[in-house]
Amino acid sequence: MNKTSNLLEKIQLQKASWKDYEEFLHLNSEELNQFLELARERTIQIFGNKLKIYIPSKRFPSISLTGAECALECLHCDKKYLNGMTPIVQNEVLEEFLLRVATEGGTGALISGGCDSEGAVPLLEYLDTIKKIKKNTNLIINAHTGLLTETTANALVNAGVDIISFDITMDQNIISDIYRLKTKTPEDYKKSITLMKKKGLNVVPHICVGLYYGKLHKELEAIKFIKESKLKPSLIVLIALIPPKHGKETFKIPDPVDLAKIIAIIRFAFPDTEISLGCMRPRGALKGDIEKLAIRAGINRLEIPSRDSLEWLKKLDPRVEFEFYSACCAIPTVYEKFAGSRDSDIKGYLKMLKKFKKK
């Protein structure tokens, strides 16, 4: 039995070690195919032959509580993500905005913003308002927290926040060089997870592939930490570096095959956990390759996919079903009954869906 066959057998029997997964990362594309088949098969066995598709639109807006400001100015960001959010920096405006979202049939909101010098999104002063919104509406609130203190964790619990989207890295190089958090270490990320677990918050881990200049660099350590932390998340979100405009010489677009490898490892290590490919990922010429490889590697959730990818999947497997939700891809399954898409939310997909029905 050769090394690849031996590795496949270990994964099939759920006996793979972290050293085996390290070896998995070095497979070439041809060797990888049989592992992707296994990952997709496992996904269908556990979650059914369907792909959940998330289109946030106006019904699930993203809000930055710091406007376009961030104390860190991380190397990978260019503040482009903050610039794409609705800037709200006053409590009364936040309350008014979220009430309007609820009144107009919205399903929820992502509450985010730039980080302070300690790597935390300054949520604390807004959590009383969010508590009021949770009490008076059915909006699903997803908070992107960054590193957090016990005071903020307690306030998040008290406010009734539904989801904590938390970016996990166990890479000191990323923390120091990319995030520019010179005084922080992986232990600070571990402490935040331990704290949120202790408080009973619903943590949805996010792992960014290629954050270290577009190359794989300790993503496996992040997966290992999640497993060993006993967090047992119902969902893990995968995102991928989008190279900043100012760093074309130093940052490259992550290889879609590398992203597929990380997704497959998560599928094998967390067979009962949903996996989503989130909205932060390269577009352009590689968009289709990234989405198709991610589907083959075991995701069952996908945010804002191309129609080409859905048509490809339907040809590959005519029995696959699509479910559309007008929400962030990190929402818990229990809330999906409130987030089903209307035809007006998915206009760009309707013609394609009608074509599928005719067949």
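Asn-33, Leu-36, Ala-39 and Arg-40 of helix H3 are in contact with Leu-293, Ile-295, Arg-296 and Ala-297 of helix H12, where contact means heavy atoms within 4.5 Å. The residues of this contact are five nonpolar, one polar and two charged. In that scheme Ala, Val, Leu, Ile, Met, Phe, Trp, Tyr, Cys and Pro are nonpolar, Asp, Glu, Lys and Arg are charged, and the others, Gly among them, are polar.

A word on the source. This is a predicted model, in which local features need pLDDT of at least 70 and side-chain atom pairs count only at pLDDT 80 or more, while totals for chains, interfaces and linings use all residues. Residues are numbered from 1 along each chain as its sequence is written, and side-chain values use heavy atoms, with hydrogens and water left out.

Back to the two helices. The axes of H3 (residues 29-47) and H12 (residues 287-297) come within 6 Å and cross at roughly 65 degrees. H3 and H12 are therefore roughly perpendicular to each other, a label given to angles of 65 to 115 degrees. Helices here are DSSP runs (H or I, at least four residues), as are strands (E, at least two), numbered from the N terminus.

Next, the pockets. A pocket is an open set of points on a 1 Å grid, with protein on both sides within 12 Å along at least five of seven lines, and its lining residues have an atom within 4 Å of a point. The largest pocket has a volume of about 1200 Å³. Its lining has 48 residues, with Tyr-81, Met-85, Ser-112, His-144 and Met-280 the closest to its centre. By class, that lining holds 28 nonpolar, 14 polar and six charged residues.

The second largest pocket has a volume of about 340 Å³. Helix H9 (residues 186-199) gives the largest share of its lining, four residues.

The largest cavity holds about 110 Å³ of space. Ile-168, Thr-169, Ile-174, Ile-207 and Cys-208 lie nearest its centre, among 15 lining residues. The largest share of that lining, three residues, comes from strand E7.

Last, the rings. The whole structure has 10 aromatic pairs, meaning rings of Phe, Tyr and Trp (its six-membered ring) with centres within 6.5 Å. One of them is Phe-324 with Tyr-349: the centres are 5.3 Å apart and the planes are at 55 degrees, so the pair is tilted, that is, neither stacked (under 30 degrees) nor edge-to-face (over 60).

Conventions. On a 1 Å grid over the protein atoms alone, a cavity is a set of points where a 1.4 Å probe fits but cannot get out, and a pocket is an open set with protein on both sides within 12 Å along at least five of seven lines; lining residues have an atom within 4 Å of a point. Grid points are joined across faces, edges and corners, and a volume is the space filled by probe spheres set on the points. Axes are lines fitted to C-alpha atoms, for helices over the stretch in contact, and angles run from 0 to 180 degrees between N-to-C directions. Angles under 35 degrees count as roughly parallel, over 145 as roughly antiparallel, 65 to 115 as roughly perpendicular and the rest as oblique.
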